[in-house]
Amino acid sequence: MRPLFIILFLAVTASSVLAQKDIQKKIQTQFIDAANGSVIEIPEGHFTLDASLWLDGKKDVVIKGAGQDKTVLSFLGQISGAEGIKVTNATNITIQDLTVQNTKGDGVKTQLVEGITFQNVKAEWTNNGKAENGGYGLYPVQCTNVLIDHCSAVGASDAGIYVGQSKNIIVRNSKAYMNVAGIEIENSWYADVYENEAFNNTGGILVFDLPDLIQKEGGYVRVFKNYVHDNNHINFAPKANTVGKVPQGTGLMVLATRHVELFDNRIINNITVGTAVVSYYITENPINDKSYKPYPSDIFIHDNEYERPNVKATSKGRMGKLFKYKLRFGKNVPHILYDGIEDSNNKNRNICIRNNKNESFVNIDAGNKFKNKSRDIKAYDCEQSPITPVVLSSVN
Amino acid sequence: MKILVGLGMLVSLFSFISLKENNTFQRKDKLSEYGFFSGNLASLNPAEGILIYNLNTPLFSNYAEKLRFIKLPQGSSAQYNDSVTFEFPIGTVFIKNFYYPFDFRKPEKGRVILETRLLVHEEEGWTAYPYIWNEEQTEAIYDPAGETKSISYIDAAGKKITTPYVIPNKNQCKGCHIRNQVMVPIGPSARQLNRDIKYENKTENQLKHWVESGRLSGVPDVNAIPKLAVWNEQASGTLNNRARAYLDANCGHCHNRLGPASTSGLFLDITEKDPAHLGVNKSPVAAGRGAGEFQFDIVPGQPHKSILVFRMNTNDPAIAMPEIGREQIHKEGLALIEEWIRKNDFN
């Protein structure tokens, strides 16, 4: 009886290995041959792939799994290509109803796509977040009309859901946890980030403008109705990375971006800062890009709810040392922090803070060795016209 | 009856001639159907009109060796320029065969051919067609999906090597073969072709041979033709020449101002003169994990603090450079770049 069992077992294992190679070839061939306007269906099942799947130069194509937990593409042991799924130079693409796991690099990267929708897609690393994990889970870059809806990102060593150098963006109804940054909007124009949950990240939601990129700046970003809680994960980003500087316990952070409205968020149990508004100088990186604008301005923080536990801020990392040795709040850590570094070309930075529940504030006077740090919020009690909601246009 | 047969033969002869002169490329499912090679397909014996060529410093492809051929349409020639690949007429086909000798020390023992890549100049532009060889080495079949194979061979030092070998899929061709958003050949440029090679009857400079066989026009005086050093031939150039040749061939097709890596600001093609853009004390822009723990692309005098070396010295697909085309580290190329970073005067 036993030899028969062994033979059967070997036969099944061998055939499943062959089947995996077949599936890889089948899907990649579909990606290459897909006619514009077609639907590429990936069947239900758990598949191990060793190479990236790349869709290039297509129009009006849908990549559809059988369900987020039903179609699982695992890239553990991947030897070719950094991403799981890559889409480039395309128009009107939808990726839906599948999970991409354990890629060497980014989970799903879409670049130079006009009209990209991620619907019910999960990108995850299943090792609880490590520096060797890929950088981004869902990564549209240099795209327009981006919709990320009902998606999840878990375990990324940079940002779970990251939209970079793009225009017209909506990120909603999504979850990001166990990443260094949960959700990040970087150097992008016109973004609405709402009704998401960002928890157990190092930093929940980041809105950044960084130097040395092709799209030099961004702005007009609304972050609202999000539940941003318990973002106290250790920062496991690789050392030289900018996101490696975000301190454990960060709820929302705005770095250098202009025209940002943060409202109606519940920012709960982030031990270091509920909402930080800082310039690029806080990173202590040199700025070589002559056209870069490092100072945030036109920031409107209103109607958020803040809560934090009665503990000290983090002492980990460079920023942690700042809190421990220079700021020394003890357990009385303010929810909203502004670095106070002045822009000699613009005295009125138009930072308004109003009507937040449990509001507390500090200007840490970082440009002046923290000498005149102040919790006086009066100068920031103002309002601004709300930013216009994002409207995604469908591309013809 | 005889007249009919005669007429029939004339008609078919006429059609045959027309087909031969027809430049419209028709992709075949099997490599043998093109008639590029005479005799046994695996001997890669070029048929009439198919010309072998090679390059001063070729791309490293996982230690695979390559046999390159060009087919120009009858009576046509390429147009010379001194900086990028020549202007090749519609109908040109490049044929690149990748193989491993069983034993690198003893090529006479035979080889296994893994893939043949065609790059064809069609009406709408260049198109890539990948073919995968069967185990029996009797045929190669068109396969746009690519494949991962495991290959074993004895290397030049007598050591047995087993490595994965990734045959790229059709989309990946564009990953490197692109300039200004358009698909292009990479190898056949003046500086790469300017060398002596052994033809059937004699050894001759390739460009001279191309001109004399009517394949190349517009060539200036031989002294005005640029020549790339051979990366591993000391006599062919200084350390700087050879390192720059290596970077040009392995990196420059992406890392140039018009290539897919233009957003990095790191330019490694032969024309780059600015040390900052060459990577000296340059911080990466969006390398992510690729930068490791290092701050600068090139730290003069310190190869092991330089990101260039870090990315050449790994197989991790999220870090390794080049992104496509190698599954092993090129030990000898790495040694050249390390030496260059250590000794070169970058000012």
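**Note on the predicted model: chains A and B**

1. Strand β18 of chain A, residues 219-224, is mostly covered, with five of its six residues buried. The structure discussed here is a predicted model, and the remarks below should be read accordingly.

2. The neighbours of β18(A) deserve attention. On one hand, β18(A) pairs with strand β15 of chain A (residues 189-194) in the parallel sense, over five bridges. Within this pairing, Val193(A) has Val223(A) of β18(A) as its bridge partner.

3. β18(A) also pairs with strand β21 of chain A, which covers residues 258-263. This pairing is again parallel and runs over five bridges. Here Gly219(A) stands opposite Arg258(A) of β21(A).

4. Turning to chain A as a whole, its secondary structure consists of two helices and 28 strands. Of the contacts in chain A between residues at least 6 apart in sequence, 63% join residues at least 24 apart. Buried residues account for 53% of the 396 residues in this chain.

5. What radius of gyration does chain A have, and what would a compact globule have with 396 residues? The value for chain A is 22 Å, whereas a compact globule with that number of residues would have one near 21 Å; the chain therefore agrees with the expectation for a compact globule. Along its principal axes, the C-alpha trace of chain A spans about 80 × 55 × 40 Å.

6. Chain B is considered here by its domains. The chain is divided into domain 1, residues 26-224, and domain 2, residues 234-343. The centres of these two domains of chain B, taken over C-alpha atoms, are separated by 25 Å.

7. How many residues of domain 1 of chain B are in contact with domain 2 of chain B? There are 21 such residues in domain 1, and they are in contact with 18 residues of domain 2. On the domain 1 side, at least two residues each are supplied by β9 (160-167), α2 (170-176) and β10 (178-179) of chain B. The largest share of that side, four residues, comes from β9(B).

Notes. Residues are numbered from 1 along each chain as its sequence is written. Chains are lettered from A and ligands numbered from 1 in the order in which they are written. This is a predicted model: local features need pLDDT of at least 70, side-chain atom pairs count only at pLDDT 80 or more; totals for chains, interfaces and linings use all residues. Domain bounds come from an automatic or database domain assignment. Two residues are in contact if their C-beta atoms, placed from the backbone, lie within 7 Å. A residue is buried if 20 or more other C-beta atoms lie within 10 Å of its own, exposed if 12 or fewer, and partly exposed in between; C-beta atoms are placed from the backbone. Two strands pair if DSSP finds at least two bridges between them. The radius of gyration is taken over C-alpha atoms; the globule rule is 2.2 Å times the number of residues to the power 0.38.
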